[in-house]
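Trainee: I would like a close look at one part of this model. Please take the helix packing and the residues that line it, and keep it brisk.

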Amino acid sequence: MRCPYCGNTEDKVLESRTLANGESIRRRRECVSCGYRFTSFERIDEKPFMVVKRDGRRQPFDRNKLGKGIERALEKRPVSTSMVDQISNDIEDMAIKHGKEEREISTTDLGELVLEKLYSIDKVAYIRFASVYRHFDNLEEFIKEVKNIKKRGE
């Protein structure tokens with residue numbers, strides 16, 4: 001580590017502390033050349049988990065955006081707020097497992113994970129999410145999806 005005062009690269013560590021539940025380490029250092037004391041922080045620099053859009057663009061996975069979509073689908077349904085958080089956590093975990101090697105998932109695969117989870121919890125929320133996600137253009141597509149739910153339930 002280069003000393004911020006004299007520029008020398010030799011120092012000694014006086015003290016180390018773990019911070020943020022083990023996410024980072026704070027180190028107090030002293031320059032061997034000039035004796036200046038300074039603090040450094042060490043963190044893991046992970047490549048962010050990405051979502052690949054339909055047009056090929058990539059953007060970082062946004063848990064808040066996922067949660068808002070799920071909340072909207074479950075709006076005015078008999079599902080608790082804690083359950084919405086749990087659903088978001090489950091889907092995020094499944095998405096990360098699904099895209100583990102490439103550290104990315106397509107919006108198509110992510111949407112299917114959400115639909116799968118919503119189907120098991122609330123059929124109305126499933127239809128709401130599917131109507132937006134699958135871009136229902138007319139009433140016939142909507143009715144077809146409702147009939148598919150009935151067939152799957154039998």
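Mentor: Start with a cut-off: a residue is buried when its relative accessible area is under 20%, exposed when over 50%, and partly exposed in between. The model is predicted. Now take Ser88, which lies in helix α2. Its relative accessibility is 2%, so Ser88 counts as buried. Setting aside residues up to four places away in sequence, Ser88 touches Arg63, Leu66, Gly67 and Ile70.

Ile70 leads on to the core. The largest nonpolar core has 27 residues. Ile70, Leu74, Ile91 and Leu118 touch the most other members. Two or more residues come from each of α1 (63-73), α2 (81-98), α3 and α4. In soluble globular proteins, nonpolar side chains tend to be buried together.

Follow Leu118 next. Not counting residues up to four places away in sequence, Leu118 touches Ile70, Ala73, Leu74, Lys123, Ala125, Tyr126 and Phe129.

Leu118 also takes part in the contact between α3 and α4. Two packed helices are described by the angle between their axes and the distance between the axes. Helix α3 covers residues 107-121 and helix α4 covers residues 123-133. Their axes come within 7 Å and cross at roughly 160 degrees. Angles over 145 degrees count as roughly antiparallel, so α3 and α4 are roughly antiparallel to each other. Their crossing is left-handed. On the α3 side, the contact uses Thr107, Thr108, Gly111, Glu112, Val114, Leu115, Leu118, Tyr119 and Ile121. On the α4 side, Lys123, Ala125, Tyr126, Phe129, Ala130 and Tyr133 take part. By class, this contact has ten nonpolar, three polar and two charged residues.

Leaving aside neighbours within four places in sequence, Glu112 is in contact with Tyr133 and Arg134. Glu112 and Glu15 are 97 residues apart in sequence, and their C-alpha atoms are 49 Å apart in space.

Finally, α4 also packs against α1. The angle there is about 120 degrees, and the axes are 8 Å apart. The two helices are therefore oblique to each other. Gly69, Arg72 and Ala73 of α1 meet Ala125, Arg128 and Phe129 of α4. That contact divides into three nonpolar, one polar and two charged residues. Leu118 touches both of them, along with Ala73.

Methods
Residues numbered from 1 in each chain as written. Predicted model: local features only at pLDDT ≥ 70, side-chain atom pairs only at ≥ 80, totals over all residues. Heavy atoms only, no water. Axes fitted to C-alpha atoms, helices over the stretch in contact; angles between N-to-C directions. Helix = DSSP H or I, 4+ residues; strand = E, 2+ residues; numbered from the N terminus. Parallel < 35°, antiparallel > 145°, perpendicular 65-115°, else oblique. Left-handed = near helix turned anticlockwise from the far one by under 90°. Contact = heavy atoms within 4.5 Å. Nonpolar A, V, L, I, M, F, W, Y, C, P; charged D, E, K, R; others polar. Core = buried A, V, L, I, M, F, W, Y, C linked by side-chain atoms within 4.5 Å. Buried < 20%, exposed > 50% of the residue type's maximum accessible area, 1.4 Å probe, protein only.
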